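Trainee: I've got a model open and a few things I'd like to talk through. Can we go over it together?

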Amino acid sequence: MHIGCHVSVRQGYAAASRITKRLGGTCYQYFPKNPRSLTVKSFSRQDALECRHFCEENGIISIAHTPYPTNLCTEGKEEHAAMVASVRNDLEIADACGSIGVVVHFGQYKGNHQDPLYGYQLMIRSLNEILEDWTGKALILLENNAGQGNKMGLTLEELVQVRSLLNKPELVGFCLDTCHAFASGLWTGENWGDVQKKGEKLGYFTHLKAVHLNDSRYPTGSYRDRHADIGWGEIGAERLGELIRSTVIREVPLFLETPGERPGGHASEIAFVKQLFGRPQ
Ligand SMILES: [Zn+2]
């Protein structure tokens with residue numbers, strides 16, 4: 001199994017991979033640049049290469065996460081161009097660091113166009129543009145939403161359908177956020193068997209490359225996106241344990257995006273998840 005957490009790159013990309021090893025993790029997520037802005041970053045190829053080598057030598061897997069303002073459904077010409085350039089920049093950094101891919105939240109259309117499919121069309125157009133001449137290995141990893149503010153991207157059907165309509169679907173995989181899945185009501189905590197069956201039928205799990213393993217501060221169906229430490233939220237350790245041990249998740253790397261509030265912080269949470277994973281079914 002691979003388990004790790006979100007790590008800061010304040011000291012550089014290679015440093016983030018070394019932090020992961022110190023925490024006892026074998027995977028991690030990072031923001032390739034300032035998470036609050038879509039400004040394109042020029043980065044150190046040398047640092048990225050060092051990161052890639054350290055990960056290869058230590059069997060560590062990484063993923064990048066796009067900045068918060070990234071929305072695949074932006075309409076305005078300039079905003080759209082800035083978003084596309086930013087995600088391309090994220091892909092380049094991720095690729096240089098040897099990361100599997102870049103996590104992007106499913107788009108949220110905030111305009112007032114009448115056609116309910118309009119937001120999805122914008123999103124597909126953006127992804128086609130981002131990937132048009134992308135030749136690297138890093139993938140786009142579409143993440144399911146919690147439903148806060150807007151109800152796009154809550155179901156497996158939407159994720160699979162958008163991917164299938166792209167010009168280059170082979171460059172897109174999925175990232176399942178357990179807090180979002182729970183908050184949106186996709187996973188109620190009691191129906192993992194059904195979610196698994198549906199996902200298998202749709203071909204969702206074939207392209208699942210990462211799990212954001214988070215507990216949820218709010219109950220299922222609340223549409224509220226507030227992560228909690230594993231076992232410290234409304235989902236609970238038992239149900240999260242059932243999910244990570246299931247056949248469709250077992251092999252997928254797990255990334256904590258939790259506050260890390262328990263004594264011992266993320267190192268002890270990583271150890272806790274390893275133990276949870278090892279428990280008999
Ligand atoms: Zn997430």
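Trainee: Let's start with a cysteine: is Cys51 buried or exposed?

Mentor: Keep in mind that this is a predicted model. The cut-off for buried is under 20% relative accessible area. Cys51 comes in at 1%, so it counts as buried.

Trainee: How many disulfides does the structure hold?

Mentor: A disulfide needs two cysteine sulfur atoms within 2.5 Å. For Cys51, the closest cysteine sulfur is in Cys97 at 4.3 Å, which is too far for a bond. Cys55 is in no disulfide either, with its nearest cysteine sulfur, that of Cys51, 4.3 Å away. For the structure, the number of disulfides is 0.

Trainee: And Cys55, is that one buried or exposed?

Mentor: Use the same test, under 20% for buried. Cys55 has a relative accessible area of 6%, so call it buried.

Trainee: Which residues does Ser86 contact, apart from its neighbours within four places in sequence?

Mentor: Ser86 sits in helix α3, residues 77-96. Its relative accessible area is 0%, so Ser86 is buried. Leaving out those sequence neighbours, the contacts of Ser86 are Lys33, Leu38, Val40 and Pro67.

Trainee: What about Asn128: buried or exposed?

Mentor: Asn128 belongs to helix α4, residues 118-131. Beyond residues up to four places away in sequence, Asn128 touches Leu166 and Asn167. Its relative accessibility is 19% and the cut-off is under 20%, so Asn128 counts as buried.

Trainee: Which residues of helix α8 are buried?

Mentor: Helix α8 covers residues 237-245. Among the elements covering its buried residues are α6 (178-183), α7 (192-202), β7 (208-213) and α9 (265-278). The buried ones in α8 are Ala237, Leu240, Gly241, Leu243, Ile244 and Arg245.

Trainee: Now the largest pocket: which lining residues are closest to its centre?

Mentor: That pocket has about 680 Å³ of space. It is lined by 24 residues, and the closest to the centre are His65, Tyr68, His105, His180 and Asp225.

Trainee: Last one: what domain does UniProt list for residues 20-275?

Mentor: Over that stretch the chain is 38% helix and 15% strand, with the end C-alpha atoms 18 Å apart. The UniProt entry is unreviewed, and the name it gives for residues 20-275 is Xylose isomerase-like TIM barrel.

How values were computed. Residues are numbered from 1 along each chain as its sequence is written. This is a predicted model: local features need pLDDT of at least 70, side-chain atom pairs count only at pLDDT 80 or more; totals for chains, interfaces and linings use all residues. Side-chain values use heavy atoms; hydrogens and water are left out. On a 1 Å grid over the protein atoms alone, a cavity is a set of points where a 1.4 Å probe fits but cannot get out, and a pocket is an open set with protein on both sides within 12 Å along at least five of seven lines; lining residues have an atom within 4 Å of a point. Grid points are joined across faces, edges and corners, and a volume is the space filled by probe spheres set on the points. UniProt positions are given in the numbering used here, feature names are shortened, and annotations may be inferred rather than shown by experiment. Helices (H or I, at least four residues) and strands (E, at least two) are DSSP runs, numbered from the N terminus. Buried means under 20% relative accessible area, exposed over 50%, partly exposed in between (1.4 Å probe, protein chains only). Contact means heavy atoms within 4.5 Å.
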